[in-house]
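Hi there,

Here is the structure I promised to pass on to you. Have a look at it first, and then read on for what turned up.

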Amino acid sequence: MNLHKFSQFKNNTSRFHTIISTLTKYGLANWIQAEDPNFLKNLVTNAQGDSLAGLPFEERCRMALTELGTTFIKLGQILSTRADLIGPELATELTKLQSDTPIDSPKQVTAMIESELGLAMDELFSGFDFTPIGSASIGQVHKAKLHDGTDVVVKVQHSDIEDKILADIEILALLATLAEKYDKELRLFQPKSLIEDFSESLLKELDYGKELRNMTLFSQFFSNNDDVVIPTAYPDVSSKRVLTMQCLDGFSIAEVDKLKANGVNTKKVASLGVNIYLDMVFKYHIFHADPHPGNIWVLPGDRIGLLDFGMIGRIDDSLQESIELMLLAASEKNSTDFTKQILKICTLPEDFDQNKLQRDVDEFLHEYLGQPLASLNISEILNTMNNIIRHHRLLMPSGISMLIRVLVMLEGSSQRLDREFSVNDAIEPYTQKMKMARFSPRRFSKKLGRSYFVWERLLTTLPDDVETLISKMRSGSFDVNLKHRHLDAVINRLVYGILSGAIFLGGSMMLSSAVRPLFHGTSIIGAVVTGVGSILCYRLLNAIRTSGSLTNEGD
């Protein structure tokens, strides 16, 4: 392997060197040193290299991602949601990642807003505070005031951050491909698939227009619930890199002192917050996928406000069906059906052992679901399920991994507010409704309607398809392509059998015709040829008997 020959290296030489040297410093790129030692020969390594070697692998990963900046911090934050792939220890460590992206200057903020919205700052806002109230890896947030007097917050993307992220993604894609090829340990994490999911998610976060549409959608979902507030977005002063929204008057559920000082009914807030998310999951099948305490605010009147809709999870009809069937199977402790649904939604490795998975699932169901519901810890249940998935090296859809993370975070946040609150108790009514809905006439008619449209489309196109087929057959342009596997052994044995039979038959004919020379009236040549044919036939029959199959390739 020669890293210098790849286009990703040629396009971003300096950044590529920085990434590789940082990974090497933290002991995370040994496979590169093994495959292309010349590449690392001239790279300067940190003097701390020896001391870093003694740190745990998880801590070295976090430190390396932090040092590499925005893209890698976002990668780590997304990986922290995939305990099913990277394990609970590394996932927990990566939750500590914090962005240290420098704050943009007033000049940079002004240039970004004016170039995006096409108007001068004083035409867009009557007031703008250039001191950010928050800064993250992709953008920073400022308070402002519209000309009608409305207080708003404006999220502004960092200058040049998109170009930096796109370059890093290009390099990451190459490194993931090479890591999967050359490093057996990293291959277990399926880096190519991870980077593809990560790139898709991060590119969506770079588009504030998507976040605006998400906010509008969730506002419609909860328009009749006065206890839920989704900030109003202002499309006229928003774009792909600028997002203007309503300024909420409240504080994070993590601010315990303010909760006490304002006399907040924490039991009500805990129940309300959990039920908001369960409505998203089970009713709307689309959910806010980043419910850390900083994004959940308490507003006057013990209402809840939700922030940051850059990352959302979706549950399509197929996934919803699998989740429902898994819950039904779990309630009946039916490990066979539960395992079938796991196999349906997950990508399987080559050496997968279904029987072993089913045994692990059966043990899991009987261990946890034989206990009273109130005594169950949902985080422990989900983490155990994650460990089973990871042990068998199955790849879950990102929607499921997001959902698991959301439920775990919800339990933590709700118990921060009310130690006696049980997420399991809150979920139970939703699962009961789900079971009832499966047998409802409305659901049946909906499925029937979908089937009708499929059959209608099939029957509509069938005459044309048959006519095309017949036309091709008449013109002689109809080809049938057959894909065969392992036919070489079959053909070899067939030829071997035909030749053996022909030799034996030829020898028999010589014997019956008394072809000279003779010995006591028996044709010597005929006897020899018949003997050879008999030996060949014996060998063929013995090979078949030993292998038990004509298609065995071992003989």
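Which residues are buried in α14? They are P191, S193, L194, I195, F198, S199, S201, L202 and E205. Here "buried" means under 20% relative accessible area, "exposed" means over 50%, and "partly exposed" is in between, with a 1.4 Å probe and protein chains only.

Before going further, please keep in mind that this is a predicted model, in which local features need pLDDT of at least 70 and side-chain atom pairs count only at pLDDT 80 or more, while totals for chains, interfaces and linings use all residues. Residues are numbered from 1 along each chain as its sequence is written, and side-chain values use heavy atoms, with hydrogens and water left out.

**The chain as a whole**

The chain has 26 helices and 13 strands. Both are DSSP runs numbered from the N terminus: helices are H or I with at least four residues, and strands are E with at least two. Of the 555 residues in the chain, 42% are buried. The accessible surface comes to about 30300 Å², and 55% of that belongs to carbon and sulfur atoms. Accessible areas come from the Shrake-Rupley method with a 1.4 Å probe, and for residues only the protein chains shown count as cover. Among the contacts with a separation of 6 or more, 66% are between residues 24 or more positions apart; a contact means heavy atoms within 4.5 Å.

The expected span is 1.5 Å times one less than the number of residues in the helix. Helix α22 (residues 398-417) has 20 residues and should span 28 Å; its end C-alpha atoms are 29 Å apart, which agrees. Because 14 of its 20 residues are buried, α22 is largely enclosed by the rest of the structure.

V269 sits in helix α17 (residues 266-284). This valine is buried, since its relative accessible area is 2%. Leaving out residues up to four places away in sequence, V269 touches V264, V298, D302, I304 and L417. D302 is 33 residues from V269 in sequence, yet their C-alpha atoms are 6.3 Å apart in space.

**A nonpolar patch on the surface**

Which residues form the nonpolar patch on the surface? They are I491, V495, L499, I503, F519, I524, V528 and V532, with about 690 Å² of accessible area together. Patches are made of residues with over 30% relative accessible area and no salt bridge; like charges are joined within 9 Å, and nonpolar side chains (Val, Leu, Ile, Met, Phe, Trp, Tyr) within 5 Å. Helices α25 (487-513) and α26 (524-547) each supply at least two residues of the patch, and the largest share, four residues, comes from α25.

F519 belongs to strand β12 (residues 518-519), and F519 counts as exposed because its relative accessibility is 55%. Not counting residues up to four places away in sequence, L518 touches S523 and I524.

**Salt bridges and cysteines**

How many salt bridges does a search of the whole structure find? There are 18. A salt bridge is a side-chain nitrogen of Lys or Arg within 4 Å of a carboxyl oxygen of Asp or Glu.

In one of them, R62 pairs with E59, the closest N and O atoms being 4.0 Å apart. R62 and E59 are three residues apart in helix α6 (residues 57-68), so about one helical turn separates them. An α-helix has 3.6 residues a turn, so residues three or four places apart point the same way. E93 forms a salt bridge with K96 at 3.2 Å between the closest N and O atoms. The side chains of K145 and D151 meet in another, at 2.7 Å from N to O. Salt bridges that share partners join E59, R62, E93 and K96 into one network.

The structure holds zero disulfides, a disulfide being a pair of cysteine sulfur atoms within 2.5 Å. As for cysteines, C247 is partly exposed at 26% relative accessibility, and C537 is partly exposed at 24%.

Happy exploring!
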